[in-house]
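Subject: Structure for your review

Dear colleague,

Please find below the structure that I am handing over to you. I would be grateful if you could read the notes after it with the model open.

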Amino acid sequence: MSEHPVVVVHPPQEEGGRRVTVHGEPIGVAVNLLDVVEFLRRAGLEFDENEAAVSPLVEWRGGGPSYWGPEPRRP
């Protein structure tokens with residue numbers, strides 16, 4: 001059985017944070033990795049920070065687990 005992502009952490013939003021979905025259902029907007037871990041716990045998925053950052057069940061779109069917002073615009 002091949003593992004495929006069930007959790008998607010979407011690209012950062014302009015207003016900040018990243019949407020998180022499980023099986024296509026929105027579960028919240030995270031502003032850091034701890035938020036993602038908490039949302040997953042509430043959804044019945046037990047991951048610690050390190051597992052959530054590297055698990056093949058979590059797909060990080062638009063940047064990895066250390067990227068939470070667009071770069072500040074320069075004047």
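The notes below go from the overall fold to the sheet, and then to single residues.

This is a predicted model, in which local features need pLDDT of at least 70, side-chain atom pairs count only at pLDDT 80 or more, and totals for chains, interfaces and linings use all residues. Residues are numbered from 1 along each chain as its sequence is written, and side-chain values use heavy atoms, with hydrogens and water left out.

Overall fold

The protein contains two helices and four strands, and from the N terminus on its elements follow the order β-β-β-α-α-β. Helices (H or I, at least four residues) and strands (E, at least two) are DSSP runs, numbered from the N terminus. Of the 75 residues in the protein, 33% are buried; buried means under 20% relative accessible area, exposed over 50%, and partly exposed in between, with a 1.4 Å probe and protein chains only. Among contacts with a separation of 6 or more, 42% are between residues 24 or more positions apart, where contact means heavy atoms within 4.5 Å.

The sheet

The four strands form an open sheet in the order β3-β2-β1-β4, with mixed pairing. Its edge strands are β3 (25-30) and β4 (58-60), each of which pairs on one side only. From one strand to the next, the twist averages 20 degrees. Two strands are taken to pair if DSSP finds at least two bridges between them. In general, strands of a sheet pair through backbone hydrogen bonds, either parallel or antiparallel.

Strands β1 and β2 run antiparallel and are joined by four bridges; V9 stands opposite V20 in β2. These two strands form a hairpin with five residues between them, and G16 in the turn has a positive phi of about 105 degrees.

Strand β2 (residues 18-22) is also antiparallel to β3, with five bridges between the two. Across this pairing, V20 stands opposite G28, R19 stands opposite V29, and V22 has E25 as its bridge partner. Because four of the five residues of β2 are buried, this strand is largely enclosed by the rest of the structure.

The hairpin of β2 and β3 has two residues between the strands. H23 lies in the loop there, and its phi is positive, at about 50 degrees, although H23 is not a glycine. H23 counts as exposed because its relative accessibility is 62%.

Helix α1

Helix α1 (residues 33-42) lies across β1, β2, β3 and β4 and runs at about 150 degrees to β3. Axes here are lines fitted to C-alpha atoms, for helices over the stretch in contact, and angles run from 0 to 180 degrees between N-to-C directions. R42 belongs to this helix and is exposed, with a relative accessible area of 61%. R42 and I27 are 15 residues apart in sequence, and their C-alpha atoms are 8.9 Å apart in space.

Around H10

H10 is part of strand β1 (residues 7-12) and counts as buried because its relative accessibility is 13%. Leaving aside residues up to four places away in sequence, H10 touches R18, R19, V20, T21 and R61. With T21, the side chain of H10 makes a side-chain polar contact of 3.1 Å. A polar contact is a pair of N or O atoms within 3.5 Å; within protein, one must be able to donate a hydrogen and the other to accept it, and residues adjacent in sequence count only if both atoms are side-chain atoms.

The aromatic pair

A search of the whole structure finds one aromatic pair. W60 and W68 form this pair, which is edge-to-face, at 6.0 Å centre to centre and with 90 degrees between the planes. Rings of Phe, Tyr and Trp (its six-membered ring) pair if their centres lie within 6.5 Å; planes under 30 degrees apart count as stacked, over 60 as edge-to-face and the rest as tilted. Both W60 and W68 are buried.

The ring of W68 also has the charged end of R18 over it, 5.3 Å from the ring centre. A charge sits over a ring if NZ of Lys or CZ of Arg is within 6 Å of the ring centre and within 35 degrees of the ring normal.

With kind regards
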